[in-house]
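Let's take a friendly walk through one protein model, piece by piece. Have the sequence and the 3D view open as you read.

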Amino acid sequence: MKKLIFSMLSLAILLLFTSCSKTANKQESVATQMVRVITLKKQVIDKTLEFPATLESKKEINLVPATAGKIDRILVKIGDHVSKGQLVVQMDPTQLINAQIQFENLQRDMARSEALRKSGTITQQAYDQTKSQFDLNKTNLQYMQKNIDLRSPISGVVSAKNYEDQEMYSGSPIGQSGKAAIITIDEMNPLKVLIDIPESYLSQINLGMKVLISTDVYPDKTFPARVVRIYPTIDQSTLSVKVEIEVANGNELLKPGMFCRATIDIGKVNALVVPYQAVLKLQGSDERYVFLDKNGRSQRITVKLGTRFNDQTEIISDQIKEGDQLIVVGQSRLIGGDTLTVVH
C-alpha cells in the first residue's frame, strides 16, 4: 500500500514539473519577437527646413494723443491707405485756441519788456521772469499743436478704429484688442515672419538667406523673403533660436495674421534616411519613435522627422548614430526591452 502511494506521488510530481516546463518554454517563445533590421548609414541629401508661422506687420502704430480730450474728427476709416505724415485725427481745438490767445498776450508783454530793458527802466529780475513765462508758454503751445493734429508716422493701412467723432478719448484700453488707440495703422509692405529654428541648424542660417513663403490661401503661389535678423540668445526650454524673416508684399496679397509656411533651403547635408514605415506614431500625440536592436533587445528611441523623399524620411535624434541596427519589420509589436530574433 505504501509503495502504491509513493508511486502515485512521484507520478504527480513528474506531471507537474513537465507542465511547468512547457509553460515556461511557451512564455519564452512568446517573449521572443521576430524582426528584420537594417544598418543605418548617412546619405547626402538636399536639406530644406519648413516652419509653420503667422504673418505680422513689421510696424504697428497705435495712434494716441499725449493727453485725454475730446475727438473732433477722425479723417480715415478701416481699410484706408495712409501716407507717412498724413493728417488722420484732429482733437478738439478749444484748449489750443485758449493757449494761442494767452501766448499772443505774452508776446506783447515780451516786446514791452525788451523795449524797457534797452532803455534801462526794468530790472533784470523782472525781465527774466517775463522771458521765462514766455518760453514756457511757447513750448506748451507747440506741444498742444502736435497733440491736436495727429499725423501717421508710417505709410500703411488703417486696421482698427476704436472711437467716433466727438467722443471723449480717455486713454483707457478699449474694445477686444485691449488697446488705448484711437486708430491702429499697420505697415503692409514688407511684412515679417518669426520662426524658431533648432540650435543644431543655427550655423547654417545666415543673414540675407533666401526663404520661400507659402500659404493655403494662395496654394499655387510662393512669395520671396529673406532672413533679416537672428536673435542673439537660445530659448533653453525649446533649444531653439528665433529668426526674423522679411516678406516682400508689394501687391498686398498677404495680410497680417495669415497662416503661412516658411521654407529654407540649407543645401546638401549628411543625414540618416530610413523607410517611412519604420517610424511609429504615438496614438493621441505627434510623438514619433523607432526601435533599435541593441544586443538582441529592442530599444525605443523618440525621433523628429526631417525631409521626406517618397517612401523614405530623414530622422533626427542625438541617440541614434550611423551603424545602429534599425528595426524595419516587426516593430509594431514591440514595447521596448523585448527579446529579439533577427531574420534575414
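Predicted model: local features only at pLDDT ≥ 70, side-chain atom pairs only at ≥ 80, totals over all residues.

## Some ground rules

Two strands count as paired if DSSP finds at least two bridges between them. Strands themselves are DSSP runs of E with at least two residues, while helices are runs of H or I with at least four residues, and both are numbered from the N terminus.

Residues are numbered from 1 along each chain as its sequence is written, and side-chain values use heavy atoms, with hydrogens and water left out.

## The whole protein

What does the secondary structure come to? There are three helices and 21 strands. Of the 344 residues, 34% are buried, where buried means under 20% relative accessible area, exposed means over 50%, and partly exposed is in between (1.4 Å probe, protein chains only).

The accessible surface is about 21200 Å², and 53% of that belongs to carbon and sulfur atoms. Areas like this come from the Shrake-Rupley method with a 1.4 Å probe, and for residues only the protein chains shown count as cover. Now for contacts, meaning heavy atoms within 4.5 Å. Take the contacts between residues at least 6 apart in sequence: 74% of them join residues at least 24 apart.

Look for the open sheet with the strand order β7-β6-β4-β9, where the pairing is antiparallel. Its edge strands are β7 and β9 (168–169), each pairing on one side only. Helix α3 (residues 124–148) packs on this sheet and touches β6 (87–91) and β7. The direction of α3 makes about 60° with that of β7; for such angles, axes are lines fitted to C-alpha atoms (for helices, over the stretch in contact), and the angle runs from 0 to 180 degrees between N-to-C directions.

Now go across the sheet. Strand β4 (residues 69–74) pairs with β9 over two bridges, and K70 stands opposite M168 in β9. Three bridges join β4 to β6, with I74 having V89 in β6 as its bridge partner. β6 also pairs with β7 over three bridges, and here L87 stands opposite R151 in β7. How many of the five residues of β6 are buried? Four are, and the strand is described as mostly covered.

## Helix α3 up close

α3 has 25 residues and reaches 36 Å from its first C-alpha to its last. That is close to the expected 36 Å, a span worked out as 1.5 Å times one less than the number of residues.

Several residues of α3 are buried, including Y127, F134, L141 and I148. What do the buried residues of α3 pack against? They pack against β6, α2 (94–119) and β7.

## Another open sheet

A further open sheet of four strands has the order β3-β10-β8-β5, again with antiparallel pairing. At its edges are β3 (60–63) and β5 (81–82), each pairing on one side only. β3 and β10 (residues 183–186) pair over four bridges, and N62 stands opposite T184 in β10.

Start with S152, in the loop between β7 (149–151) and β8 (156–161). Is S152 buried or exposed? S152 counts as buried because its relative accessibility is 2%. The side chain of S152 reaches the backbone oxygen of I154 at 2.5 Å. Leaving aside neighbours within four places in sequence, S152 is in contact with several residues, among them V82, G85, V88 and I185.

Next comes Q204, in the loop between β11 (191–198) and β12 (210–214). Q204 counts as partly exposed because its relative accessibility is 24%. Not counting residues up to four places away in sequence, Q204 touches M209, I266 and V269. Q204 and D265 are 61 residues apart in sequence and 9.8 Å apart in space, C-alpha to C-alpha.

Last, I230 lies in strand β13 (residues 222–235). With 27% relative accessibility, I230 counts as partly exposed. I230 and I205 are 25 residues apart along the chain, and their C-alpha atoms are separated by 8.4 Å. Beyond neighbours within four places in sequence, the contacts of I230 include L202, I205, L207 and V241.

Conventions: Polar contact = N/O pair within 3.5 Å; in protein donor to acceptor, adjacent residues only side chain to side chain.
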